[in-house]
Amino acid sequence: AGSLDGAASRSGRRFGSAISWNGGTTGGSIQNPRYADVVKAECGLLVPENEMKWQFTRPSPDVYDFARMDAIAEFARTNGKALRGHTLLWHRPRWFPDWLNNYDYGANPAREAERLLTDHIRTVTDRYRGQIASYDVVNEAIDHDRNATIETSMSRAMGSPEAVMDLAFHTAREQLPDGELVYNDYMSWEPAHAAHCNDVLRLLEGFRKRNVPVDALGIQSHIEIYSVDPATGVGPYREREWRDFIDEVVGMGYKLLITEFDVKDKALPSAVALRDEKVADYTRRYFDVMLDYAELSDILAWGMVDQFNWLQGFAPRDDGMEVRGTPYSSTYQPKPMREALAASL
Ligand code: XIL
């Protein structure tokens, strides 16, 4: 049987996954041979789960540390896999390194913030020049409870979150004239995300109005089976509202990527076989919609094996069982979700 990347390639797309470095552990990492085997067999494209984030690459203002990211880049090269960048700026204080949250921007804060940011983007993109051509330049910049973009130490120094984002994209474009520059966020078809979808549309409109070079919207796709319809055992999907959202995005000329796909199965009952089937159904419904869009190119899972998937910590089940939201079980067996993907792609 062909690989998931092979299936995706039939429509000119690529399939891939997040992978991590995880020194000394046996996680979803390049150091876990069984995990690496799944990735080698199924993926054409990789993305670092954490290793390109500021906490990892920039331990202090003028020190860079690329040891872990380099190891992932080397793994990708050795195995003939393409690589995406995630992320040049995760625009939330929670994901800033402490030193950046507490940074003293000095007498000319705007200039100092610009220096920190442009230096970062130039250093990272220079280092992986020739290997990484597609970047999540800005990640998650919206606070949907306030219907506003998020303030950080940097945005206060520069005057607004938009000033920071615009500079990030302009700098990335100077660095990579032919690169793919992505704004990445987690909005989805859940009712609870409706406000977030609207906020993203306003942000994307603003980029266009100000002529900011953003090529694509990265749709993270940590989708959630947020309620269970007793008749079908799954859903609902809010497909109409979701299509309206995507139509507006592509209508503004943006391309699309699925950057971090996995499925939260909290609302489903415990029984594993049934749960796997419903997760596969949900996956199929989601991809049926997404693959209608010719604007969609890369498709990445946020990990290939349940055991190492971040949802175990982020969206744990009430029954204490493992979340089964990735294509492979913790014993490295393909699950119905894998078959759903293979059939849909
Ligand atoms: C997550 C990683 O999977 C975790 O290991 C880490 O602790 C936090 O970040 N949106 C993103 C990703 O853009 O970077 C996040 O990754 C998941 C949500």
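How do the residues of the shell around the ligand divide into nonpolar, polar and charged?

**Figure 1. Overview of the predicted model.** The protein holds 13 helices and eleven strands. Along the principal axes, its C-alpha atoms fill a box of roughly 60 × 40 × 40 Å. The radius of gyration is 20 Å, which agrees with the value near 20 Å for a compact globule of 345 residues. Buried residues account for 44% of the 345. Take the contacts between residues at least 6 apart in sequence: 75% of them join residues at least 24 apart. Mean pLDDT is 96, and 98% of the residues reach 70 or more. For the complex, the predictor gives an ipTM of 0.99 and a pTM of 0.97.

**Figure 2. The shell around the ligand.** Glu49, Asn50, Asn139, Gln220, Glu260 and Trp310 are the residues around the ligand. This shell divides into one nonpolar, three polar and two charged residues.

**Figure 3. Val137 in the largest nonpolar core.** The core has 87 residues. Val137, Ala168 and Ala172 touch the most other members. Residues up to four places away in sequence are left out of the next list. Val137 touches Leu88, Leu89, Ala168, Phe169, Ala172, Leu181, Val182 and Tyr183.

**Figure 4. Ile72 on helix α4.** Helix α4 spans residues 67-78 and carries Ile72. Is Ile72 buried or exposed? Ile72 is buried, because 23 other C-beta atoms lie within 10 Å and 20 or more is the cut-off. Its contacts, leaving aside neighbours within four places in sequence, are Ile19, Trp21, Ile30, Pro48 and Glu51. Ser188 is 116 residues from Ile72 along the chain, and their C-alpha atoms are separated by 29 Å.

**Figure 5. A cis peptide bond at His86 and Thr87.** The bond from His86 to Thr87 is cis. Its omega is near 0°. Thr87 belongs to strand β3, residues 82-90.

**Figure 6. Positive phi at Asn147.** Asn147 is not a glycine, yet its phi is positive, about 50°. Where does Asn147 lie? Asn147 sits in the loop between β5 (142-143) and β6 (148-149). Asn147 is exposed, with 12 other C-beta atoms within 10 Å. A residue counts as exposed at 12 or fewer.

**Figure 7. Positive phi at Arg238.** Arg238 is a residue other than glycine, and its phi is positive, near 50°. The loop between β9 (222-224) and α10 (239-251) holds Arg238. With 17 other C-beta atoms within 10 Å, Arg238 is partly exposed.

**Figure 8. Asp178 in a loop.** Asp178 is found between α8 (161-175) and β7 (180-185). How many other C-beta atoms lie within 10 Å of Asp178? There are 6, so Asp178 is exposed. Gly2 is 176 residues from Asp178 in sequence. The two are 31 Å apart in space, C-alpha to C-alpha.

Note on methods: Residues are numbered from 1 along each chain as its sequence is written. This is a predicted model: local features need pLDDT of at least 70, side-chain atom pairs count only at pLDDT 80 or more; totals for chains, interfaces and linings use all residues. Helices (H or I, at least four residues) and strands (E, at least two) are DSSP runs, numbered from the N terminus. The radius of gyration is taken over C-alpha atoms; the globule rule is 2.2 Å times the number of residues to the power 0.38. Two residues are in contact if their C-beta atoms, placed from the backbone, lie within 7 Å. A residue is near a molecule or strand if its C-beta atom, placed from the backbone, lies within 6 Å of it. Ala, Val, Leu, Ile, Met, Phe, Trp, Tyr, Cys and Pro count as nonpolar, Asp, Glu, Lys and Arg as charged, and the others, Gly among them, as polar. pLDDT is the predictor's confidence in each residue, from 0 to 100. A nonpolar core is a set of buried Ala, Val, Leu, Ile, Met, Phe, Trp, Tyr and Cys residues joined through C-beta atoms within 7 Å.
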